[in-house]
Amino acid sequence: MLIGEVARRSRVSARMLRHYESLGLLRPSGRTGSGYREYSGEDIRRIFHIESLRSLGLSLREIGRALDDPGFTPSALVDDLIRQTRERIAAETELLTRLRRIDATEPAGWEDVLQAVAFLQALGSKSAAARQRAALSSVDEVPVPVEALVEAVLRETEPNVAGALRWALARSGDGGTALLADGLGSPVAAVRERAVRSLAEIPGDEATARLRDALADPDAAVRGHAALALGTRGVPDAVPALIDMIVAGRNDTDAADALSMLASDIAMVDQIATGLVDRLAHDTTEAPARVRLTQALADIPGSTASRALVELSHDGERGVALTATYLLRLRDAR
């Protein structure tokens, strides 16, 4: 079979067939009387083998080894191809993500594109100072890729940079709320905590709803940050979690302040006071926690809190009794 017919049947161009021959990959079995290449059935099968291996991403040199070395074993080469393919896919995925984020900023010209590229590079810098500068300059200087900000704030461990990122995210619009909600589903508690702390700085009903969801989180720190944020928003659902924080001695001063803010709503005063009193009466509540709970009653108005303090002033635990007595004097002096 002559080269033209082989090219037609194999769909490999005559030029490529000659290239294979020049590399020693393919050797036509014979020549016609006129000197034209003549390919046998075995030659045709080899061409199909070459093309099959090319489809797997093998180089022509690797194909030659695979076909001509009797001791060649494909497993190591295939494993290497799998690794290379995964690396290539990861690189292409990263590029696609970067392009999509730049496109989301709706650049008006190349200057906008270059600014967005510089911002994304700074956001991914190993330098905490560079990441912080990027976050602080983002709102005024560059159209912000919100998805990139969310990704950055969920992975950031340096407190100052994290604060700058939360500030930038809160001022970038409401597009980050749904993305942060995805962070609440992370299996890593630290990521969920970062998501909650970011949601706490975003106003609006959607962010509040996500924070309510976080009250059921299995991690105490996540629940605590959600409760503190909801307390400042006047959400009654936060009361049990805030009381738990006081009992545990975890950000208990902030939790007591949040309860005080909630108690500015007269409709919530009895609920808060009753919750504190119930925990004081609980058999498993230890003495230091009872003192903290007593202290939390200080800024809760109303008769329920006052009656509780009177009773606690006679408590068998000296620290509780002294604290309650002192607080009663303060209340009388008002």
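Biologist: In which helix is Leu-169 found?
Modeller: This is a predicted model, where local features need pLDDT of at least 70 and side-chain atom pairs count only at pLDDT 80 or more, while totals for chains, interfaces and linings use all residues. Residues are numbered from 1 along each chain as its sequence is written, and side-chain values use heavy atoms, with hydrogens and water left out. Helices (H or I, at least four residues) and strands (E, at least two) are DSSP runs, numbered from the N terminus. Leu-169 is found in helix H9.

Biologist: Is Leu-169 buried or exposed?
Modeller: Buried means under 20% relative accessible area, exposed over 50%, and partly exposed in between, with a 1.4 Å probe and protein chains only. The relative accessible area of Leu-169 is 1%, so Leu-169 is buried.

Biologist: Which residues does Leu-169 touch, not counting residues up to four places away in sequence?
Modeller: A contact means heavy atoms within 4.5 Å. With residues up to four places away in sequence left out, Leu-169 touches Val-146, Leu-149, Val-150, Val-153, Gly-176, Leu-180 and Ser-198.

Biologist: How many of the ten residues of helix H8 are buried?
Modeller: Helix H8 covers residues 146-155 and is mostly covered. Its buried residues are Val-146, Ala-148, Leu-149, Val-150, Ala-152, Val-153 and Leu-154. The count for H8 is seven.

Biologist: What covers the buried residues of H8?
Modeller: Leu-169, in helix H9, touches Val-146, Leu-149, Val-150 and Val-153, among others. The elements covering the buried residues of H8 include H9 (159-170), and with it helix H5 (74-104), helix H6 (110-123), helix H10 (176-183) and helix H11 (189-199).

Biologist: How much space lies in the largest pocket?
Modeller: On a 1 Å grid over the protein atoms alone, a pocket is an open set of points with protein on both sides within 12 Å along at least five of seven lines, whereas a cavity is a set where a 1.4 Å probe fits but cannot get out; lining residues have an atom within 4 Å of a point. Grid points are joined across faces, edges and corners, and a volume is the space filled by probe spheres set on the points. H5, H6 and H8 each supply at least two residues of the lining of the largest pocket. The space in that pocket is about 300 Å³.

Biologist: By class, which residues does the lining of the largest pocket have?
Modeller: Ala, Val, Leu, Ile, Met, Phe, Trp, Tyr, Cys and Pro count as nonpolar, Asp, Glu, Lys and Arg as charged, and the others, Gly among them, as polar. The lining includes Glu-94, Arg-98, Arg-101, Glu-151 and Arg-155. By class it has four nonpolar, three polar and five charged residues.

Biologist: What volume has the second largest pocket?
Modeller: H9 and H11 each supply at least two residues of its lining. By class, that lining has two nonpolar, one polar and six charged residues. The volume of the second largest pocket is about 170 Å³.

Biologist: Which residues line the largest cavity?
Modeller: The count comes to one cavity of 30 Å³ or more, and the largest cavity has a volume of about 40 Å³. Helix H13 (220-232) and helix H14 (239-248) are the elements that give two or more residues to its lining. The lining residues are Ala-220, Arg-223, Gly-224, Ala-241, Asp-244, Met-245 and Arg-250.

Biologist: How many residues has the largest nonpolar core?
Modeller: A nonpolar core is a set of buried Ala, Val, Leu, Ile, Met, Phe, Trp, Tyr and Cys residues joined through side-chain atoms within 4.5 Å. Those with the most contacts inside the largest one are Leu-242, Leu-259, Ile-272, Leu-276 and Ile-300. A second, separate core of 18 residues includes Leu-25, Ile-50, Ile-63 and Leu-77. The residue count of the largest core is 74.

Biologist: The side chain of Thr-285 reaches the backbone oxygen of which residue?
Modeller: Thr-285 is found in the loop between helix H16 (269-280) and helix H17 (287-296), and counts as buried at 10% relative accessibility. At 2.8 Å, its side chain reaches the backbone oxygen of Arg-279.

Biologist: What phi has Asn-251?
Modeller: Most residues other than glycine have a negative phi. Asn-251 lies in the loop between H14 and helix H15 (252-262), and counts as partly exposed at 39% relative accessibility. Although Asn-251 is not a glycine, its phi is positive, at about 55°.

Definitions and conventions:
Polar contact = N/O pair within 3.5 Å; in protein donor to acceptor, adjacent residues only side chain to side chain.
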